[in-house]
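Student: I'd like to learn how to read a few features in a model like this one. Can we go through them together?
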Amino acid sequence: MNIFLRSKCSATSGSGKEFWETVKSLISNKSINKNDNIILLTNENVVTHQDKVATVFNDYFTNMAKDIGSDDCINVYVNLPSCVTKHDQQHDRVKNIKHFMETFGEHFYFHDVSIDVVKSHLYNLKTNKATGYDTLPAKLLKMGSNILCNQICYLLNMSLTTCTFPSFLKYAEICPIHKKGNNLDVSNYRPVSILPSMSKIFEKEIVNQVSVYFEKVFSPYISGFRQRHSCETVLLRLVENIKKSIETGKVVCVVLMDLSRAFDCIPYQLFISKLRAYGLSQSACELFLSYYRDRKQRVKLGSIKSEWENVYKGAAQGFLMGPQSYNVFTNDMLFILEDDVDVYNYADDNTFVCSGYD
């Protein structure tokens, strides 16, 4: 056993993921997540029937962030001009982004995708992931990549050209994962969205193209979900800067902040307005508008499924575009803070550091 642990945790093992999975199994006190026979306590009533449990979960996950902030959902009546006009007038954040982008001088447009790129996306699909509501497994797409790449490439380019994200790819099945605490409390579960495998192809290409553009725009203090950035980079910068301050006799104050339901609370219309302010073309913003319009979800517990419900806001865990959307949405806030404090950001975890001789 000792030899096994040493091999997994040695510096030469070459895999940080392998190290963390080994250590986590030894130190984690979280229960094993199972979705069979979940029991919930709601309004002092015990819910045991799994169809009712699924409905309780879906109602909670759909509405848990609905009342946080203003109503900013995207429905059939919301178009790009009305969305942008609304937030140009009401939000200083959008004005600040426009001011920042005045010296940037670039704009973003989606471009067509080659068959080889689509074939690469298909080949890199993870076959160990759960299958979406369409029951089309990623393994089948991967096995047929040489044949399917032409048709999928046509559909993807059609989506980019018409600024329309296919509606059948916007249906997510939710898997409730117990986080901590009392497993009878619905608020102690995390919703993980399982999307159709085909959706990953479309999302992956959108993320790849937009990421190249935003790498020039993102604050250098954003360390999550970026190439050449990680937990290690933000921790190294934090520790080294604190050490330098202490060595020069300064007093250091550190504020640690973890945002609650950060990804679940992203308001769609304000997010689209920020994209437009960052220089994304009208057609690119129309595609994002289509992506977030009329999204639906249901909870699945084994063979039990709840009814489909509309998603009002948020970039749920399981969306490939979720992490990038969160970085885009919070980027301008870091630019404002960095003038007063040192900012260290990783996803929804933020650390603010001040130092001085007083």
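This is a predicted model: local features need pLDDT of at least 70, side-chain atom pairs count only at pLDDT 80 or more; totals for chains, interfaces and linings use all residues.

Student: How are Phe214 and Phe218 arranged as an aromatic pair?

Tutor: A pair of aromatic rings is described by the distance of the centres and the angle of the planes. Rings of Phe, Tyr and Trp (its six-membered ring) pair if their centres lie within 6.5 Å; planes under 30 degrees apart are stacked, over 60 edge-to-face, and the rest tilted. That rule gives 22 aromatic pairs. Phe214 and Phe218 are stacked, at 5.4 Å centre to centre with 25 degrees between the planes.

Student: Which ring has the charged end of Lys274 over it?

Tutor: A charge sits over a ring if NZ of Lys or CZ of Arg is within 6 Å of the ring centre and within 35 degrees of the ring normal. For Lys274 the ring is that of Phe329, with the charged end 4.1 Å from its centre. Arg295 has its charged end over the ring of Tyr291, 4.3 Å from the centre.

Student: Now a helix: which residues of H5 are buried?

Tutor: An α-helix has 3.6 residues a turn, so residues three or four places apart point the same way. In H5 (residues 92-101), the buried ones are Val94, Ile97 and Met101. They cover an arc of only 60 degrees around the axis, so they lie on the same side of H5; the arc is taken from the directions from the helix axis to the C-beta atoms. Helices (H or I, at least four residues) and strands (E, at least two) are DSSP runs, numbered from the N terminus.

Student: In what order do the 3 strands of the open sheet come?

Tutor: Two strands pair if DSSP finds at least two bridges between them. Here the order is S5-S10-S9, with antiparallel pairing. S5 (251-258) and S9 (342-346) are at the edges with a single partner strand each, so one side of each has no neighbour in the sheet.

Student: How many bridges join S5 to S10?

Tutor: There are 8, with S10 spanning residues 349-356; Asp258 has Asp349 as its bridge partner in S10. Another 5 bridges join S9 to S10, and Asp342 stands opposite Val353 in S10.

Notes
Residues are numbered from 1 along each chain as its sequence is written. Side-chain values use heavy atoms; hydrogens and water are left out. Buried means under 20% relative accessible area, exposed over 50%, partly exposed in between (1.4 Å probe, protein chains only).
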